[in-house]
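Here is a short briefing to read alongside the model on your screen. Take it one topic at a time, and keep the viewer open as you go.

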Amino acid sequence: MEGSQSHEEHPYIPRDLKLPGFVPGVLSQSTIVGFYAVSSLLVVSTIFILSGRSPKRSKTERWLMCWWAFTGLTHMILEGYFVFSPEFYKDKTACYLAEVWKEYSKGDSRYAARDAGVVAVEGLTAVLEGPASLLAVYALATGKSYSYILQFAISLGQLYGTAAYFITSWLEGGNFAASPFYYYAYYIGANASWVVIPTLISIRCWKKICAAFQVQGQKKTKVR
């Protein structure tokens with residue numbers, strides 16, 4: 001009886017995952033997702049409106065600024081909280097950030113279990129890629145020469161981190177989602193943006209960097 005009772009303490013897979021002191025989430029899924037969506041929309045619309053004040057800035061650059069602001073704040077706030085709050089699953093205050101990870105763990109219980117690989121990937125993402133993403137917003141806004149190199153580097157870091165995230169799950173058996181719904185909605189869906197968008201940005205930056213070096217090479221040839 002004790003074994004079956006302990007298995008019912010949390011909603012995560014595997015059922016025998018030990019989470020002593022686990023406190024069930026208070027906020028509903030719609031509240032958690034809705035708040036995140038509204039907050040993200042507010043950030044994106046604010047950046048897009050402010051970036052439109054400069055006629056020299058293209059729409060692509062404005063959308064890139066929105067992406068880097070959104071992803072930077074997500075890395076620093078959400079993922080930063082996870083990294084530095086190892087016992088979030090014990091939270092009794094209905095703290096929104098703790099509730100986010102209690103809910104997301106239904107799609108990947110490695111978060112609740114504090115899997116070393118996940119903590120390492122999220123730690124680097126929060127501490128390095130988060131601030132770098134906000135620096136990319138500044139670089140785009142001010143037309144800094146390092147803008148493309150910076151965006152390329154962050155995008156490669158995001159792709160590497162996402163690849164490590166998926167590969168480690170696969171190597172460990174991939175049985176961490178409470179149901180197919182959570183698997184596709186959280187594990188796949190919530191991470192898809194960090195595969196598609198960094199890939200597109202990497203390609204764009206690669207082309208821009210190559211074009212710049214090509215122009216520089218042509219100038220040197222003419223001078224000679």
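A residue is called buried under 20% relative accessible area, exposed over 50%, and partly exposed in between, using a 1.4 Å probe and protein chains only. By that scale Tyr183, with a relative accessible area of 29%, is partly exposed. This is a predicted model, in which local features need pLDDT of at least 70, side-chain atom pairs count only at pLDDT 80 or more, and totals for chains, interfaces and linings use all residues. Residues are numbered from 1 along each chain as its sequence is written, and side-chain values use heavy atoms, with hydrogens and water left out.

**Overall picture**

- The protein has seven helices and zero strands; helices (H or I, at least four residues) and strands (E, at least two) are DSSP runs, numbered from the N terminus.
- The C-alpha trace spans about 85 × 35 × 30 Å along its principal axes.
- Of the 224 residues, 40% count as buried.
- Contact here means heavy atoms within 4.5 Å. Among contacts between residues at least 6 apart in sequence, 72% join residues at least 24 apart.

**Helix α3 and its partners**

- Two packed helices are described by the angle between their axes and the distance between the axes. The axes are lines fitted to C-alpha atoms, for helices over the stretch in contact, and the angles run from 0 to 180 degrees between N-to-C directions.
- Helix α3 (residues 59-84) packs with helix α6 (residues 147-171) at an angle of about 45 degrees, the axes being 13 Å apart. That angle makes α3 oblique to α6; angles under 35 degrees count as roughly parallel, over 145 as roughly antiparallel, 65 to 115 as roughly perpendicular and the rest as oblique.
- The crossing of α3 and α6 is left-handed. A crossing gets that name if the near helix is turned anticlockwise from the far one by less than a right angle, and is right-handed if clockwise.
- On the α3 side, Glu61, Leu64, Trp67, Trp68, Thr71 and His75 meet Tyr148, Gln151, Ile154, Ser155 and Gln158 of α6. The residues of this contact divide into five nonpolar, five polar and one charged. Ala, Val, Leu, Ile, Met, Phe, Trp, Tyr, Cys and Pro count as nonpolar, Asp, Glu, Lys and Arg as charged, and the others, Gly among them, as polar.
- Helix α2 (residues 29-51) also packs with α3, at an angle of about 140 degrees and with the axes 9 Å apart. The pair α2 and α3 is therefore oblique, and its crossing is right-handed.
- Residues of α2 that meet α3 include Tyr36, Val43, Ile47 and Phe48, and their partners in α3 include Trp63, Cys66, Phe70 and Thr74. The contact of α2 with α3 divides into twelve nonpolar residues, three polar and one charged.
- Thr74 of α3 is buried, with a relative accessible area of 9%. Leaving aside neighbours within four places in sequence, Thr74 is in contact with Tyr36, Glu79 and Trp194.

**Aromatic pairs**

- The structure holds 25 aromatic pairs. Rings of Phe, Tyr and Trp (its six-membered ring) pair if their centres lie within 6.5 Å; planes under 30 degrees apart count as stacked, over 60 as edge-to-face and the rest as tilted.
- Trp67 and Phe70 form a tilted pair, 5.8 Å centre to centre with 45 degrees between the planes. Both lie in α3, three residues apart, about one turn of the helix.
- Trp67 is buried at 8% relative accessibility, and Phe70 is buried at 15%.
- The rings of Tyr183 and Tyr184 have centres 4.9 Å apart and planes at 90 degrees, so this pair is edge-to-face. Tyr184, at 55% relative accessibility, counts as exposed.

**Loops and backbone**

- Lys106 sits in the loop between α4 (96-104) and α5 (116-142). Lys106 and Ala177 are 71 residues apart in sequence and 5.6 Å apart in space, C-alpha to C-alpha.
- Not counting residues up to four places away in sequence, Lys106 touches Pro11, Tyr12, Phe176, Ala177, Ala178 and Tyr182.
- Most residues other than glycine have a negative phi, and most peptide bonds are trans.
- The peptide bond from Ile13 to Pro14 is cis, with omega near 0 degrees. Pro14 lies in the loop between α1 (2-7) and α2.
- Ala94, in the loop between α3 and α4, has a positive phi near 60 degrees. Ala94 is partly exposed, with a relative accessible area of 28%.
- Arg114, in the loop between α4 and α5, has a positive phi near 55 degrees.
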